[in-house]
Amino acid sequence: MRKSDRETGKGGGKADRPTRTAYDKALGLLARREHSRRELKQKLERGGFEHDESVAALERLGDQGYQDDDRFAGSLVRSRVGQGYGPARIRAELRSQGIADARIRELIEAADVDWHDLAANQLRRRYGKPSTDPAERARRAQFLLRRGFAAATVRVLTHADAEDADDD
């Protein structure tokens, strides 16, 4: 504690810390995980940083290679595929992060995922045995649609689900 703080009885609270710059704040966020440029900009401006300071910080981070939307997008695609999400959900999330549609198409194609198998695995993990009950099949279809799988894939899997149950 500084002498003037002891004299006034003030402790070492937040006000005593040097103020962080937008660059420092963004670098700290990037140290935890990848962020899109749009996401960082929003977080900085919500944190009270001026627009110009935020933009300058993001430019600097991009020039230094600390922030890269392509790297962020690739990381997000790999993560969401690993979590069992479908292409529509991944596409929507990338779009919300400011990634261009052409780049999104490239990333989803480059992921080289068998979406049908991924959806079937998610269905099996969540529900186990197949079902012939129409209401249950509808619930399963909604589950896959919410996860971002194509309606055609969902239709094939939920109908195959009913046919598999008939074989038992």
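The model is a predicted one, so to speak of local features a pLDDT of at least 70 is needed, side-chain atom pairs count only at pLDDT 80 or more, and totals for chains, interfaces and linings use all residues. Residues are numbered from 1 along each chain as its sequence is written, and side-chain values use heavy atoms, with hydrogens and water left out.

The protein has 10 helices and 0 strands, where helices (H or I, at least four residues) and strands (E, at least two) are DSSP runs numbered from the N terminus. Buried residues make up 34% of the 168 residues; buried stands for under 20% relative accessible area, exposed for over 50%, and partly exposed for anything in between (1.4 Å probe, protein chains only). Of the contacts between residues at least 6 apart in sequence, 58% join residues at least 24 apart, with contact taken as heavy atoms within 4.5 Å.

Next come the cores. A nonpolar core is a set of buried Ala, Val, Leu, Ile, Met, Phe, Trp, Tyr and Cys residues joined through side-chain atoms within 4.5 Å. The largest one has 23 residues, and Ile 90, Leu 94, Trp 115, Leu 144 and Phe 149 have the most contacts inside it. At least two residues of this core come from each of helices H5 (69-82), H6 (87-96), H7 (101-110), H8 (115-127), H9 (134-146) and H10 (151-167). Leu 94, setting aside its neighbours within four places in sequence, touches Ala 73, Leu 76, Val 77, Ile 99, Ile 104 and Leu 107. There is also a second, separate core of 11 residues, with Ala 22, Ala 26, Leu 29 and Leu 40 among them.

Helix H4 (residues 51-63) is worth a look of its own. Its 13 residues reach 18 Å from first C-alpha to last, close to the 18 Å expected at 1.5 Å a residue; the expected span is 1.5 Å times one less than the number of residues. Ser 54, Ala 57, Leu 58 and Leu 61 are buried in H4. Seen down the axis, these buried residues fall within an arc of 100°, so they line one face of the helix; the arc is that of the directions from the helix axis to the C-beta atoms. Helix H2 (22-32) and helix H3 (37-46) are included in what covers them. The face of H4 turned away from the buried side carries exposed Asp 52 and Asp 63. Just after H4, Gly 65 takes a positive phi of about 85°.

As for rings, the structure holds 1 aromatic pair. Rings of Phe, Tyr and Trp (its six-membered ring) pair if their centres lie within 6.5 Å, and planes under 30 degrees apart count as stacked, over 60 as edge-to-face and the rest as tilted. Tyr 127 and Phe 143 have ring centres 5.7 Å apart and planes at 85°, so the pair is edge-to-face. Tyr 127 lies in helix H8 and Phe 143 in helix H9, so the pair ties together parts 16 residues apart in sequence. Tyr 127 is partly exposed at 22% relative accessibility, whereas Phe 143 is buried at 6%.

Two arginines also meet rings. The charged end of Arg 60 sits over the ring of Tyr 23, 3.7 Å from its centre, and Arg 147 lies over the face of Tyr 85, at 4.1 Å from the ring centre. The criterion is NZ of Lys or CZ of Arg within 6 Å of the ring centre and within 35 degrees of the ring normal.
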